[in-house]
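Dear colleague,

Please find below the structure that I am handing over to you.

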Amino acid sequence: MKKILLLVAFAITTQFANAQVGITGGYLNVKTDGANEGASGFYAGIYSDLDISESFHFQPSLLYGNAEDTNFLYVPLMFKYYVANTDLNIQLGPQGTVILDLGDFKNQVGLDLAVGAGFDLFHNVFIEARYAFKLVNEDVAGVGSTNFNTFMVGLGIGL
């Protein structure tokens, strides 16, 4: 049993050792239901890109966003599929969202479904765009349920 656990730990460690890590940032737009326009701002953070296979990658990120004086924390867990013989990828995955400006933490956490696309410009530089649909609404104390979707477009650079 110990040998199996050591083998699994070694395989996971090797996979993470081959992971590309980097920084990312760009334009952020947050639009609530019923609003004509969204609130614009920026996002920035760190990511890791893990090769599952030649065509499939897993990219978890930790991102800080700010849109019109509202602060957000995003945790996208994106699965990326690379279109055959191209640097184009299609992305899909869950995204955790936390509104950082409110006092009651339990009423600020949400879950989104993010979809998008990316393109590797160079070995360690990419552009991407994604849209996140709210799955679980935040029930903001004193405001009620907020339903908002997020659009991000930005640049990532591997370190």
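The accessible surface of the protein (Shrake-Rupley method, 1.4 Å probe) comes to about 9,100 Å², and carbon and sulfur atoms hold 67% of it. Please note that this is a predicted model, in which local features need pLDDT of at least 70, side-chain atom pairs count only at pLDDT 80 or more, and totals for chains, interfaces and linings use all residues. Residues are numbered from 1 along each chain as its sequence is written, and side-chain values use heavy atoms, with hydrogens and water left out.

The protein has 1 helix and 10 strands (DSSP runs of H or I with at least four residues, and of E with at least two, numbered from the N terminus). From the N terminus on, their order is α-β-β-β-β-β-β-β-β-β-β.

Of the 159 residues, 36% are buried (under 20% relative accessible area, with a 1.4 Å probe and protein chains only).

Among contacts (heavy atoms within 4.5 Å) with a separation of 6 or more, 47% join residues 24 or more positions apart.

Yours sincerely

How values were computed:
Buried < 20%, exposed > 50% of the residue type's maximum accessible area, 1.4 Å probe, protein only.
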